[in-house]
Every structure is written in C-alpha cells, then in structure tokens.
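Please read them with the coordinates open.

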Amino acid sequence: MTQELPASGYSDGDVDTNSTCVTSLEDLAAQRYSRRQALFRGAGATTMAFMGTAVLAACGDGDDDKKLEISAGSNAATSSGRVVTLTGSPADGEAAYATSWAQTSGTAVTLTGTGSVVSFIAPAVSAATDLVFTFTAKTPVGQARTAQTTVRVSPSALGFAAVPHSLEDVVKVPSGYSVTVMTRLGDPLSAGTAAYANDGSDSDFAHRIGDHGDALHFFGLSSAGGRDDSSSTRGLMVQNHENLNVQYLHPNGPTNVSSGPRPAAEALKEIEAHGVSVSEYQDAGSRKWSYVKGSSFNRRITPNTPMSFHGPAAGSALLFTAYSATGVAGRGTINNCANGITPWATNLTCEENWAGYFRRDAADDAKRSVREMTAISRYGVTSRTGNFAWSTASATDSIYTKWNATITGAAATDDYRNEFNQYGWVVEIDPYDPASTPRKRTALGRMGHEGAFVRAVAGQPLGVYMGDDSRREYLYKFVSSAAYAAADAASTSRLAMGDKYLDAGTLYVAKFNADGTGQWLPLVFGSVPSRPATGAYPEYVFADQADILVNTRLAADAVGATPMDRPEWTAGNPVTGEIYLTLTNNNAAGRPLTGTDAANPRHYNDPKGGSATAQYGNPNGHIIRLRETGDTTAATTFRWDIYLFGADAADAGAQVNLSGLTADNDFSSPDGCYFSRATNPAGQINPVLWIETDDGAMTDRTNCMLLAALPGHVGDGGAKTITNTGSGGATATQATYQGAAATAATLRRFLVGPVQCEITGIDMTPDGRTLFVGIQHPGEDGTAAAPSSHWPDSQTGTAAATVRPRSAIVAITKDDGGIIAL
C-alpha cells in the first residue's frame, strides 16, 4: 500500500526522497511499469528502467510569492546507462527568465545541454541510488526560485527486446538501434588507391582493407592526432584479416587453386588480403561514423611485412631461413584471428591456422629427422600444395617460394624448411606508429593462437590468457617476470613496454580437475618431461626452452594438460577478474561418449535440418570460466565452472539444454567473447559480457549471432551430473560444475548477421555509446557467378542479384544516445 511521506519529505521505507506534493514514487512506478515488473520476475518497480523522461510532478520552493512559479519537471526512475532528460519550466522560450540546472546530491554525473533542458547518462550503481537535481529560474530583476527533482538509478539491466532468429541477408539489431556499415573488404586506405570495384578486377591489397575481418579494437586519437585512451569520437580501428572468400577476389574465381601453377598476380592478391589493417575512424557528431581514406595512420600489415623476433626463442636455429640466417627476423603474419590489448596501447594479433598454408613435398619426409617429423605432424604441416598453392606462382621470388617448406638446400639458411616455425606466434603491433616493425613474442609460445587476453593488476605480474583453437587443444597462461607498474601504461615507448613484460616470464598450461579446481602447469625446460610415445608419435625429448616454446603443444602434452573442445577467445571480467573461455564445439571423434570429462562434459546429438542429419559430439559448445586463487595473476591454482552450455532450445532436451535457453537466447558454437569497457556503465559493477557465434550446427534455424549477458560468478550454480547418449543409444554419466541457469534478464540475443556469416570481432568506444562488430565471410558458400549473400549492399534492401558479398565492420548506436545494451 502507499506510504505517506512525512512533512520533512523523507522516508526510509518503500518511498525514498521525494517531494511531499507528489504521489509515491513506488505507486507511480508500479502503475506505469507493471509489465516490466512481471518481465523481471517481480523485482521492485523502481528497480526497472523508465524508458525516457519519467512522470512525477515536482514543486517549487513553497514561497507565497506567485509572480514566478516554476517546476523541475518529473521525478524519474531509471537504470544505469540510460539517457535521462531533465526539463524545467518556464521553458527556454520565455526569454524573460534565466534558467539552469545543477546536481545537488548523489553519484556525480555530467549534464549536457543548457537552460531548462539538460540530459545525462545514468551512472553505474550497485543498489538503487537517488540523484537530486535543482532547477533555478531568475527574472530580469534577479528574483529567483528553485525546484528539485529526484532520479532514482537502479543497477544495470539489459534494456532491449531480444532479436528473433533470422535467416535474412541483413544485420538485425533491436528496435531503437541503428547500423552503419564501416570499412569493407577492398576499401582503399591510401588517397591514391581506386575505389573497390568488387568484380574481381581489383588489386593492390597492400593498400586496401583485407578479407575475413576478425578481432578488432578501437584505439583512441586526440584531436591533435596523439594517443587518447578516452576519445570516443576519433580513433584507429585495428582489425585482423584471417582468411579469404577466394572465389570473390577474382573475376571468375581463382585459377588452379588446388594444385597450381598459380598466376602470380592472383597469388599476390590473396597473400596481401591476409594480415592486419589500421584505419582511422571519425565521428562527425552524434555518432555519425565514417573512415578516413587517406589518413597518415592507415596501414596494412601483410604476410610480406618485415617482423622481428623477441623473447627466449629469438635466434634459435629452429627459426633459421634463407631470409633470416640468424633467426631474429622474418616476414609477415597470417591467419590472424583473435587479439589482445596491452595497457600501453599496443595490439596483440594472434596467428591461428597457419599450418595449412605451407607445402611439403612427399620427398621431404625422408629428409627430416624423427624429432622434426614428430613436431611437423603434431602441428599439421602436412599439405602437399598449401591452402592456395602460392608456392607454385614462382620458382625464384621468395614472396611465393617461402610457402614451400620442402628441404631443397644443404642447410636451413639455404631454403624455407623452417619457415612454418616463424608462424603461430602472438605479434605485437604499435597502431600509432605506422613505421614501427611488429614484434613476435616467443615467450607466449607457438600454437594455433586464437586470442591473448591481457590482465594487468598493479603490483602483480602481467597475465596473458590464450586459447589454442583446435579440437582437443589447451588453455594457456603467460605470467610476466616483471610486476606491472601502472605508470608504464602511459609510456610512449610502447614496444619497449612489450619487451619488458612479454619477453620474460613463465608459460603455463591448464589442467581442469574433476572437483572444480584446476592447476597451471609450468612449461619450463628442466621440469617438462619428454613427451612419451603416443600412437604414431615417438618420444620427444626437449632440447632447451626455445624448443619448448616452438613446440608448445608437445610440451603441453608432456605435462598432462586437459584437452578442450576447441579453446577460442578469452575475456576477463573487469570487476571480478574471472576469465571466460569459449569452447566452440567438438565432434564425436574428438569428444566420444566415453571420452568426456568434467570440463568438457557433453556427448549428444543435435539433429540438423529437415533431414535430421546427425551431429554427435559437442556440436553446440560451451563457455567455461575460472577464478584464480587469491585473484592473482601469478596463482598456480584456480576454481572453475561452466558458465553456459550452447543448445538449440527447440529440440534439445534437459540433458543437452542444461542452461535453460529459450528461443530468445539459445545459441551454438560460441567463439568471440568480450566484456564492455570499464570506462562506461556497461563495464562497471556488473559488466556486460558479449558472446559471438561461429555456428555450423544451428544454421538451419538462424544465422550467426551476438548475445549480451549479465553473468554472475564462479560458483553461482552447483554440481551437476549429466546423462549423455551416443549414436547407438548407449548412455554414460558425467559429473561437472555449472553456473546459474540463464534467464531473460541475464542473457538475450542482440544481433543476428547476414547469410553464411560469422560474427567475430567486437569493441566499443570508451563512452559505451558505439559498438563495433565484425561480420566475416557473408555468402561463404556462394560462387562468383551466383553469390549466396549480397551483404553489405543488402543492408539497405537495394542489392543487385549479382553483387558480391564483402566482410565488413558495422557501427551500432542507440538512437537515444544511451549506453549499448543497457
């Protein structure tokens, strides 16, 4: 029932500070937002966000002089991240009065606007908090009156309606949001480069945006052109370019792509379309984004760009090639997937599925030692042509011949037998210095790097968390020898900071125990045993630390790490420090009924399409999270649980849909994950986690997607025993630990992409009001003659039937200017 306010205007009951001349805030909140109250399962009405300016009247200061009567407009209830507009009267149009607003109490906010109408973004709060504002009006003779209004701010809540499943060829976002297409495949980065024709005739990808855009990050620029981590209006977009829709890069598709010989011009185009791009982005005002074609910061880093090696493996004979007789230099980066960002504002790009680009002729096997062949086989350098047969484009030009790892000379410096050892690293790039040489950080190990999330806590060593994206590979952590000094974040010698923190330390691999605990196992020469003989692999004895770092997978095998269901992106909760790892999927061979474990607990079937094609194993994947003992990066033990299990809610039973997903939040194959920046309300107190999918199991129902979540913490669920079912009907049980089930309040689908795309790459501006998302390989199953997608042209509904699709970044903004997702 309504509680009457005392004469003082304050009560500590169900009504908080509110002018005594108005109805109870709780009463009006309940009347106007009963539907939201039901949606959020009975939470108090004032904890729900009022969409827009609220409705309660406010009074003046009670003076009997009525010559100047004013109102501070409506009291309001809202939640963190929402736009609140304060409107007082008399209005600005009544020129006789001078009007102004000021904040009287509560968490400080920034008021924008002047006169009688101002607005602000509701701050992050941990509990309902009242902000009080005073409106003042003065007559020309100085008579002044004031009135107050109160805005009650509640903790963050997801503030959008879930986007339904979609098979359309557009990017779909919630009502109240807008999409702007930004840099696309082929867009020119230099003033002298022609516009992209998109008909296969284009060349010079060393000056164009590359293909298959993946992980991305927005590095702020000041108006003067220097580093500015707080800038939300100008910045450098650094994006990985992982792979190719090669059929669309040439007029009629590629020539002799399976075996060669390849035309050199075609091969060069394909090589240069890989790597990393840096492009300047600018906001013309009110989040009207575009890129700057001829910016002096624009840059392409390709498989031909000079690199230098740093850390313990630099100079190792395992890195000697005809290009680098000392093993300290190399050329290029390739298959760049996820990323990492350092506190000193450099970009860590991660080389993932590099092995398949190399050719090794059949005769090469006999020329290799047993040790070499063990390492080669473990990493999968087994192709006889290479992915695109680039080595066949020339017999003399090393741009092409370096992709042939066959032994042809007397020594390693006579050929490119070791070239594949120069790939599989984390590469540090200074985005602010186009002339700088990227550095490969060998202390972080060589593998199929997906990402490298950096956790920096002052006084603790730096921690870098890395997934190795292949079935039954591992989660790794690098811990720096140097304790992190916060002042180093401002250094202008950015790559020197990388030397300090990324070249010396200990590399660990994770072992997940059945009781919900885990261990970090050090990969240090002298403590790593020889890798035992396994199947066709003979015993492998490590020669030194460089050997361990070049052949990190073999070392992880040797110490008994836990094989995972495709470890992909890592992300850290900026408040709790907990680390999230996406495990995209596994098949029946990689995760058989009898081969599950607590951290990878499912084997099941997810029938696909009208023909109910069987998909056994773990086709929908899951997300695991861990919390370090003592919350320190240097911890050697941790606790873990499974945050979410992917599932198709329409046909998954309780033993598969363990997280209780619905049509509004079901997903398959989690890939990218990212927490909103801690510089805005979406990244504070209870940060928003973003989940991107790279799905093949559920694409009969919906295109790939992006979800927003408000996760809890490790241990918010409990022990669970799953009954798995194999293809022959046999069953087996598996004990595990799972987090709290998902609800409509904690997980919703925010975006669905166009046909045959992957959603990958995500960041936001520091103010949280623009979200950048990568749309990779739309129409990947089409042909040059019959494209299966026409995006991004199709975003406006005007695409011609023959237009070719292009990977691109989109900028997503909220129409009212608020914080994305809240």
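1. The model is predicted: local features need pLDDT of at least 70, side-chain atom pairs count only at pLDDT 80 or more, and totals for chains, interfaces and linings use all residues. Numbering runs from 1 along each chain as its sequence is written, and side-chain values use heavy atoms, with hydrogens and water left out.

2. The mean pLDDT (the predictor's confidence in each residue, from 0 to 100) of the protein is 91, and 91% of its residues reach 70 or more. Over residues 1–67 the pLDDT is below 50, and this stretch has 122 contacts in the model beyond near neighbours in sequence; a contact means heavy atoms within 4.5 Å. Where pLDDT is low, the predicted coordinates should not be read in detail.

3. Pockets and cavities come from a 1 Å grid over the protein atoms alone. A cavity is a set of points where a 1.4 Å probe fits but cannot get out; a pocket is an open set with protein on both sides within 12 Å along at least five of seven lines; lining residues have an atom within 4 Å of a point. Grid points are joined across faces, edges and corners, and a volume is the space filled by probe spheres set on the points.

4. The largest pocket has a volume of about 1,100 Å³. It is lined by 40 residues, of which His217, Ile341, Phe453, Val454 and Arg677 are the closest to its centre. Two or more lining residues come from each of β8 (213–220), β15 (336–341), β19 (453–455), β26 (567–572), β33 (670–675) and β39 (758–764). The largest share, 5 residues, is that of β8. By class, the lining has 23 nonpolar, 12 polar and 5 charged residues, where Ala, Val, Leu, Ile, Met, Phe, Trp, Tyr, Cys and Pro count as nonpolar, Asp, Glu, Lys and Arg as charged, and the others, Gly among them, as polar.

5. How many cavities of 30 Å³ or more does the structure hold? There is 1. The volume of the largest cavity is about 40 Å³, and its lining consists of Leu185, Asp211, Asn245, Tyr248, Leu249, His777, Pro778, Pro805, Arg806 and Ser807.

6. β15 also belongs to an open sheet of 6 strands in the order β14-β13-β18-β17-β16-β15, with mixed pairing; two strands pair if DSSP finds at least two bridges between them. β14 (329–331) and β15 stand at the edges with a single partner strand each, so one side of each has no neighbour in the sheet. Neighbouring strands are turned by 35° against each other on average, direction ignored. β15 pairs with β16 (residues 347–351) in the antiparallel sense over 4 bridges, and Asn336 stands opposite Glu351 in β16.

7. Helix α7 (residues 494–502) lies across β13 (306–310), β16, β17 (426–429) and β18 (439–441), at about 15° to β18. Axes are lines fitted to C-alpha atoms, for helices over the stretch in contact, and angles run from 0 to 180 degrees between N-to-C directions.

8. β39 is in an open antiparallel sheet of 4 strands, in the order β7-β41-β40-β39. Its edge strands, β7 (177–184) and β39, each pair on one side only. β40 (residues 770–776) and β41 (residues 808–814) pair over 6 bridges in the antiparallel sense, with Phe772 opposite Ala811 in β41.

9. Two peptide bonds deserve a look. The bond from Gly260 to Pro261 is cis, with omega near 0°, and Pro261 is in the loop between β9 (234–241) and α3 (264–272). The bond from Trp791 to Pro792 is cis as well, with omega near 10°; Pro792 is in the loop between β40 and β41.
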